[in-house]
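Take a look at the chain below.

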Amino acid sequence: MADPIEPSTSSSDPNSIPIPTAILHPRREPFEHGLLTIQKLIFNDPVQALTPLKQKFASPSTQRVDSVALAELLQISFDHSRLVLETLASVLHSESDPLVTALPDDVDSIGADLRDLILFLYIQSYKRLLPRSHKDSAAVADVWPSMSAFDGYLSALSPLQMAKADALGPEYPGLRLTMRNYMRRCLSPICAVLVRSNSRRFMPSQADEEAHQLSYLQKHLANILYLLSEHVEGESEESLVLTMKGFEHLGFLIQFGDKGSGGVPLSQAAPFFANSDPDMPAAPVPVSQVHDWLLQTIASSLESITEKVSAKENGPPSGSDQDIAMADASPSSAKASPSARSPCFVEGVSKSSYVKQASDLKSSSVKVINCHDSTIYILAPLRYAIIYGCSDATIVLGAVGKAVRVEHCERVHVIIAAKRVCIANCRECVFFLGVNQRPLFVGDNHKLQSVVYMLDMGPHACSALHVGENVMKVAPYNTYYSQLEEHLTEVGIVSTINRWDEALSISVIDPHDSLSHPAGVSDAQSESATCLDPDQLTNFLIPNWFENESTGSTKDNPFPLPDAYMTSQQRNQKNLSEIKQMLREAPLEENWKRELSSALHVYFKDWLY
């Protein structure tokens, strides 16, 4: 469909409209946390698809759309309709919107503002910027060696199984080659998935993402303004107008300066609505005039961003460069945000422990990126958090009041207290969750268990070898720190509601990732996670490094454990007490006590491993 808005043809010169000195930025939240992989929400022609929604609910008495009406109009399930409303609430720019402040049981009936909903559904067509390779690939390889899909299968074998296979080498030199050829021939579809998921990805820089988002808005601006506009009497393009209230809803997608939605209202930055009297709202403005002004503003902002990126690429590396070499990464790799709008980065931490408290953060948003073999604690009240590309790590997030996204992680334990969490394209991870909304699983969170059979080779034959197994697990929240309850209250998380075991899975294919996908799998559902066995749940103890500074009152996990997990913990605690008592009362000589102590240390090291 052609753009429904043509450039202004009025006698006034659009160039006479002043361009604001502050740079126009896209709001990151809708693009980072608001995209859903529901195929029915991806419209080839968003204007044609969303116009019926606009027409049906355009009257002043029906400006909000509840979940039942949304499910009926878009032909989606009630679960997906509820998911749309909850996701929209997590990325709205207005904290006073009834959907943001709604209690969980009231979300369906309160519904969403029509204009916010239209913008939210429109950007479901957005394609993310492709993940980039690291500019210092040698340094990255030093921390994360490259791995083929076949190496991944073989590395999953136990040491004993590998030893058995290696022992066959002298007598059967072609055996390992036979195994590899068998895997290539019979398991190629699975290997293709592994190659895709094992590739180490690096997030695009903030500037690149921002430019990409602005370019998307620039391309689709005419359609977006058309959907927000109102008709007045007349047959020219001037019959489409935008009210000040309608213009304010663009604050869902854009903002001026670094203060974001907490600063001056969006309309006050526009010359045609600035300084208007709240008691006497400004007259509606022709959409073509708004369109011309915004296009010039976006172009000016893009030029400014491009100049900064060019200067950064051509100049010497600085401390704020996000492309730091992984080999040199350390806890000092975390970068404080230069403004309240920018997130705090914890990037490239390797083989370290890293701690951040609320007093250490200058932003309410955190990104933990490409951290390896480390334990990371972010013990603070947050609005948003992203965990991306991490492996073999334990990551503890404090209280996250809006949304958490965990993506492209492998063998990571994540402990989260949050309003909502989305898990995408992760493998062999365990999530300990205290969440008020259903956890969302999207993308390739596959469970994989494959078997390669050895040929019958006499006394050296092995039974079937389990070559690969990837099982995602979820468990109830299992830790606390002294200020946790205070932080939960601050960001609006209710600890008596924990929907950790009510996972919702949607499409395997992410239509937003700009990558090609195998044919025939677009409607496949993402694999969900299994619940951790109650006997395997242990409390995670966070060291109290700042005991003298701690002022919180939390003494225990504020999220109640389900009965099965509580019973298991009580049983384990009882068994531990009995063993301690037996050891204390055992009539052992000193040499036997030393041997017992040594044995306990050995078993403890095995457990740690």
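A patch, as used here, is built from residues with over 30% relative accessible area and no salt bridge, and nonpolar side chains are joined within 5 Å. The model is predicted.

**A nonpolar patch**

I579, L583 and L600 make a nonpolar surface patch of about 260 Å². L583 belongs to helix α17, which covers residues 563-585. L583 counts as partly exposed because its relative accessibility is 39%.

**The cysteines**

How many disulfides does the rule count? The count comes to 0. A disulfide needs two cysteine sulfur atoms within 2.5 Å. For C422, the closest cysteine sulfur is in C426, 9.1 Å away, so the two are too far apart for a bond. C422 is buried, because its relative accessibility is 9%. C531 is partly exposed, because its value is 41%.

**A phenylalanine in a loop**

F252 sits in the loop between α14 (244-248) and β6 (254-256). Is F252 buried or exposed? F252 is buried, because its relative accessible area is 0%. Leaving out residues up to four places away in sequence, F252 touches R27, P30, L88, V91, L92, H93, D116, L119, F120 and I123. P26 is 226 residues from F252 along the chain, yet their C-alpha atoms are separated by 8.9 Å.

**Accessibility at a glance**

| Residue | Relative accessibility | Class |
|---|---|---|
| L583 | 39% | partly exposed |
| C422 | 9% | buried |
| C531 | 41% | partly exposed |
| F252 | 0% | buried |

Technical notes
Residues are numbered from 1 along each chain as its sequence is written. This is a predicted model: local features need pLDDT of at least 70, side-chain atom pairs count only at pLDDT 80 or more; totals for chains, interfaces and linings use all residues. Side-chain values use heavy atoms; hydrogens and water are left out. Patches are made of residues with over 30% relative accessible area and no salt bridge: like charges are joined within 9 Å, nonpolar side chains (Val, Leu, Ile, Met, Phe, Trp, Tyr) within 5 Å. Accessible areas come from the Shrake-Rupley method with a 1.4 Å probe; for residues, only the protein chains shown count as cover. A salt bridge is a side-chain nitrogen of Lys or Arg within 4 Å of a carboxyl oxygen of Asp or Glu. Helices (H or I, at least four residues) and strands (E, at least two) are DSSP runs, numbered from the N terminus. Buried means under 20% relative accessible area, exposed over 50%, partly exposed in between (1.4 Å probe, protein chains only). Contact means heavy atoms within 4.5 Å.
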